Amino acid sequence: MGETTWRTETPVQQPASTARHSLHLVAPIWNLGTSGIRGLSSAVTPEGNQRKGRMLLQFLTDRFYDVEALRGYLFQKQVSKVHKENRSSTGIKKQYGPYIAGAYFVLKQGGAVKFQGKEWIRSTEHGYSPLQLLSFQAVPIEAVDASDCAINYEGLDNLLALKELQSLLLQRCPHVDDWCLSRLHQLANSLQELSLAGCPRISERGLACLHHLQNLRRLDISDLPAVSNPGLTQILVEEMLPRCEVLGAEWAQGLKLGPEEQSRDTASPIPA
């Protein structure tokens, strides 16, 4: 571990109106990561929660002068964590093949996999046995449930090698975006079911990339907050994939008439 380098500055008297904007990070070189925070947390007994909170607050204020600097630091730590979790399992793939590598990646993320003709294998709080995967080294993966997982654009490399994959569930994945959907054409020959429900970063542009997936038979695009007009989008997707059942029917019910149409509809009911 490297040493933390500190830079000492002489405080400068500033007007109150500009003081808030001049706050900055005093320690530009930060090599300790979060080891100091973890050590501080583990050193305190459960009975000392209040003292622990005060010490943690002091620990942070000693290193950061404003909220923006702390927020930027925590954001970078989160980005680094997601990047680490999505690294391609190249070594495992070379040694055991794409099926074991893909299963290892999904289970490590907290998801589930189904090999052809086998039961679902799910990650539990007790983890999973790598030996259980080795027995399926030559068995293709036909379904992946990665709901709520932190899969991103880079992590898809571990799934796109599964050329027999028929079902892919990416529900509520916070890092799955339009760029991710642009890569799914590599599964066009096998993919029959795809769920994107609740993914906050998917928009109409990403859904337009799915026109390559002509073998899809079931697509769930419900509850996509980045889609500005969900009802119209669903209609367009149905036209784009005519042989696919597109879920999200409640969106069509949300299509609202304009003010003139609404007044005309209520004032002139259809005669019996």
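How many bridges join strand β6 to β7, and in which sense do the two run? Three bridges join them, and the strands run parallel. The points below start from this pair. The model is a predicted one.

1. **The β6–β7 pair.** Strand β6 covers residues 218–220.

2. **The whole sheet.** The sheet is open and has seven strands. Read across, the order is β2-β1-β3-β4-β5-β6-β7. The pairing is mixed. β2 (120–122) and β7 (245–247) are the edge strands. Each has a single partner strand, so one side of each lacks a neighbour in the sheet. From one strand to the next, the twist averages 15 degrees.

3. **A helix on the sheet.** Helix α6, residues 98–109, packs on the sheet. It touches β1, β2 and β3. The direction of α6 makes about 155 degrees with that of β1.

4. **Strand β3 and its two partners.** β3 spans residues 141–145. With strand β1 (residues 112–115), β3 pairs in the antiparallel sense over four bridges. Here Lys114 has Ala143 in β3 as its bridge partner. With strand β4 (residues 167–169), β3 pairs in the parallel sense over three bridges. Val144 stands opposite Leu168 in β4. β3 is mostly covered: five of its five residues are buried.

5. **The nonpolar core.** In soluble globular proteins, nonpolar side chains tend to be buried together. The largest nonpolar core in this model has 48 residues. Those with the most contacts inside it are Phe115, Val144, Leu194, Leu207 and Leu219. At least two core residues come from each of α6, β1, β3, α8 (157–160) and α9 (178–181). α6 gives the largest share, six residues.

6. **Around Phe115.** Which residues does Phe115 touch, leaving out those up to four places away in sequence? The list is Tyr99, Ala103, Ile121, Leu133, Phe136, Val139, Pro140, Ile141 and Glu142.

7. **Gln132.** This residue lies in helix α7, residues 130–134. Why does Gln132 count as partly exposed? Its relative accessibility is 39%, and the partly exposed class lies between the buried limit of 20% and the exposed limit of 50%. Gln132 and Ile121 are 11 residues apart along the chain. Their C-alpha atoms are separated by 9.1 Å. Ile121 is also one of the residues that Phe115 touches.

Terms used. Residues are numbered from 1 along each chain as its sequence is written. This is a predicted model: local features need pLDDT of at least 70, side-chain atom pairs count only at pLDDT 80 or more; totals for chains, interfaces and linings use all residues. Side-chain values use heavy atoms; hydrogens and water are left out. Buried means under 20% relative accessible area, exposed over 50%, partly exposed in between (1.4 Å probe, protein chains only). Two strands pair if DSSP finds at least two bridges between them. Axes are lines fitted to C-alpha atoms, for helices over the stretch in contact, and angles run from 0 to 180 degrees between N-to-C directions. Contact means heavy atoms within 4.5 Å. A nonpolar core is a set of buried Ala, Val, Leu, Ile, Met, Phe, Trp, Tyr and Cys residues joined through side-chain atoms within 4.5 Å.
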